[in-house]
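Colleague: I have the sequence and the coordinates open. Could you take me through the terms used for this model, one at a time?

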Amino acid sequence: MVNWLGLTVPFAYLGILVGSLATFSSLYRKRKAAQSSTLEPWFGPHQQRDIYLSLLHIEPEPGNNKSPAVPDGVLKAALLQRAVEDIRRILEVRNAKQALGNLLQRGSVGDDLWQRFLRAEKEIEAELRDVVEEANALQSGWGQTIFQSANEMHHNAILRERLNAIQAQGKSDKEWWQHEKASIQSRFMKELEDGEKENTKPATTLVGDKMGSDEDTVLVESGGPAASGAVSSSKGGTAKRRKGKK
């Protein structure tokens, strides 16, 4: 015969244990949910989504019960811009996930940052599903290709930014080169002028020396008695030599 009275104690113990664990788990989940709700979001406000929802649920004007109809082209353009912003956020999350996981394993970042990141991933997944549904509602089958178009637009925007940066850098480089060219020309002309000045100094002294020697020669040739004596002595010497020969 089974002793039910003896089994009540273990069953009561198991019941208390399971109840306490369930209570602890419920309280822990509520606490985590409260903490995650107070955490700062990973991304800022989604302006493109707000613009699309504002166009989709535009309110009627005062005195008019019917809301104005927004053209489908405007809604499609707004939804496409919303998808482009989603692509940018997806790429940012993918690039940051591995690095953030490594930092979390090393203990360099806290668990709060990781919780913020996980919540951002869930928000992006819900956002992608919402965009696909809205695209299919506007045009059948558009949800399969909207993110492909958005990805191309995102890459084109990146290329335009890089091109604008290169053009701005080219303008600054051109201004720098013009300034450097002017400074090089001024230094070169200054060096030429200094070289010409150095070359003209010896020429002047040489001309002065030549003029002095010419004057001395003229003075020697135009001497009166000294010159005549020298000429007569030379003539006497030649006459004596001729007599000696005879």
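Colleague: Which residues have the most contacts inside the largest nonpolar core?

Modeller: This is a predicted model. In the largest nonpolar core, which has 14 residues, those with the most contacts are Leu79, Ala83, Val131, Trp142, Ile146 and Phe147. Helices H3, H4 (111-138) and H5 (146-221) each supply at least two residues of this core. The largest share, seven residues, comes from H3. Apart from this core lies another, of eight residues, including Phe43, Ile90, Trp114 and Ala120.

Colleague: What does tryptophan 142 touch, not counting residues up to four places away in sequence?

Modeller: Tryptophan 142 touches Lys76, Leu79, Leu80, Ala135 and Asn136.

Colleague: Why are H2 and H3 called roughly antiparallel?

Modeller: Helix H2 (residues 47-56) and helix H3 (residues 72-106) pack at an angle of about 160°. Angles over 145 degrees count as roughly antiparallel, and H2 and H3 are therefore roughly antiparallel to each other. Their axes are 8 Å apart, and the crossing is left-handed.

Colleague: Which residues of H2 and H3 make the contact?

Modeller: From H2 come Gln48, Arg49, Tyr52, Leu53, Leu55 and Leu56. H3 contributes Val74, Leu75, Ala78, Leu79, Gln81, Arg82 and Glu85. The residues of this contact divide into eight nonpolar, two polar and three charged.

Colleague: Now glutamate 127, which lies in helix H4. What makes glutamate 127 buried?

Modeller: The relative accessible area of glutamate 127 is 6%. Buried means under 20%, so glutamate 127 is buried.

Colleague: With which residues is glutamate 127 in contact, leaving aside its neighbours within four places in sequence?

Modeller: Glutamate 127 is in contact with His46, Arg49, Arg82 and Asp86. Of these, Arg49 of H2 and Arg82 of H3 also take part in the contact of H2 with H3.

Colleague: Leucine 113 is found in helix H4 too. Why does leucine 113 count as partly exposed?

Modeller: Leucine 113 has a relative accessibility of 25%. Buried means under 20% and exposed over 50%, with partly exposed in between, so leucine 113 counts as partly exposed.

Colleague: What is leucine 113 in contact with, leaving aside its neighbours within four places in sequence?

Modeller: Leucine 113 is in contact with Trp42 and Leu100. As for proline 41, 72 residues from leucine 113 along the chain, the C-alpha atoms of the two are separated by 9.8 Å.

Note on methods:
Residues numbered from 1 in each chain as written. Predicted model: local features only at pLDDT ≥ 70, side-chain atom pairs only at ≥ 80, totals over all residues. Heavy atoms only, no water. Axes fitted to C-alpha atoms, helices over the stretch in contact; angles between N-to-C directions. Helix = DSSP H or I, 4+ residues; strand = E, 2+ residues; numbered from the N terminus. Parallel < 35°, antiparallel > 145°, perpendicular 65-115°, else oblique. Left-handed = near helix turned anticlockwise from the far one by under 90°. Contact = heavy atoms within 4.5 Å. Nonpolar A, V, L, I, M, F, W, Y, C, P; charged D, E, K, R; others polar. Core = buried A, V, L, I, M, F, W, Y, C linked by side-chain atoms within 4.5 Å. Buried < 20%, exposed > 50% of the residue type's maximum accessible area, 1.4 Å probe, protein only.
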